Amino acid sequence: MGYLIAAVLLVGAVGLVNLVLILGILRRLREHTTALSRFTLTGGDPIVARPGSVVGAFTATTTTAGRIGTADLTPGTLVGFFSPDCPACVSGLPDFVERARGVSAGGAEALAVVIGAEPDVTAIREQLEPFARVVVEPAEGAVSRAFSVNGYPAYLRIGAGATIDASGFDLKMLDDNAPVPA
């Protein structure tokens, strides 16, 4: 009979420890969900400037020796920021290239900013150049600062007056925002 009581107490103690651990895990999941929500564009520190923000002043030289600046950003311009060290950048690059192809066919422009230096950025640069004006700059370069970029990839669509019409860390986030005003 003593063994039975000990076994019941042991099973009860293990069940109680299990319950405490599950409650702790649930609390941590709630904390992580809250922390992750700060990275959305509805609050906290965004990965890129929010819609409605005005693009800061910048000038940069493109890989084809052209110049681009804030004044060159027309409504509908698609902007993407990429880093060769970023797996999400590499996997999202074909979608950006496809969208840049469509934007340029529709009369707007695409601007791609690649963070790094040759030869690390060569593969990304070569994929982008046929469809976008490409700027290669170091981290926290002039263009990145003008768009308040804090991570990669980052995508934006420009509206009237060099304001940001839509932005996000996923190209699909540009579809969820209002269309570019005419």
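Biologist: A disulfide is a pair of cysteine sulfur atoms within 2.5 Å. How many disulfides does the structure hold?

Modeller: This is a predicted model, in which local features need pLDDT of at least 70 and side-chain atom pairs count only at pLDDT 80 or more, while totals for chains, interfaces and linings use all residues. Residues are numbered from 1 along each chain as its sequence is written, and side-chain values use heavy atoms, leaving out hydrogens and water. Cys86 is buried at a relative accessible area of 11%, and Cys89 is buried at 1%, where buried means under 20% relative accessible area, exposed over 50% and partly exposed in between (1.4 Å probe, protein chains only). The number of disulfides in the structure is zero.

Biologist: In what order do the five strands of the open sheet stand?

Modeller: Helices (H or I, at least four residues) and strands (E, at least two) are DSSP runs numbered from the N terminus, and two strands pair if DSSP finds at least two bridges between them. The pairing in this open sheet is mixed, and the order of its five strands is β5-β4-β3-β6-β7.

Biologist: Which strands are left without a neighbour on one side, and why?

Modeller: The sheet is open, with an average twist of 15° from one strand to the next. Each edge strand has a single partner, so one of its sides is without a neighbour in the sheet; the strands concerned are β5 (133–137) and β7 (164–168).

Biologist: What angle does the direction of helix α2 make with that of β3?

Modeller: Strand β3 (78–82) pairs in the parallel sense with β4 (110–115) over five bridges, with Ala110 as the partner of Leu78. Helix α2 (87–105) packs on the sheet and touches β3, β4 and β6 (154–158), a contact being heavy atoms within 4.5 Å. Axes are lines fitted to C-alpha atoms, for helices over the stretch in contact, and angles run from 0 to 180 degrees between N-to-C directions. The angle with β3 is about 160°.

Biologist: How many residues of β6 are buried, and which point one way and the other?

Modeller: β6 pairs in the antiparallel sense with β3 over four bridges, and four bridges also join β6 to the antiparallel β7. In a regular strand the side chains alternate between the two faces of the sheet. Five of the five residues of β6 are buried. Those pointing one way are Ala154, Leu156 and Ile158, and those pointing the other way are Tyr155 and Arg157.

Biologist: Which residue has a side chain in polar contact with that of Asp165?

Modeller: Asp165 is found in strand β7 and counts as buried at 14% relative accessibility. A polar contact is a pair of N or O atoms within 3.5 Å; within protein, one must be able to donate a hydrogen and the other to accept it, and residues adjacent in sequence count only if both atoms are side-chain atoms. At 2.6 Å, the partner of Asp165 is Arg157.

Biologist: Which backbone oxygen does the side chain of Ser167 reach?

Modeller: Ser167 lies in strand β7, where it is the bridge partner of Leu156. Ser167 is buried, with a relative accessible area of 1%. At 2.7 Å, its side chain reaches the backbone oxygen of Ala49.

Biologist: Which residues have the most contacts inside the largest nonpolar core?

Modeller: A nonpolar core is a set of buried Ala, Val, Leu, Ile, Met, Phe, Trp, Tyr and Cys residues joined through side-chain atoms within 4.5 Å. The largest has 22 residues, and β3, β4, α4 (142–146) and β6 each give two or more residues to this core. The residues with the most contacts inside it are Val55, Phe58, Phe81, Val143 and Phe147.
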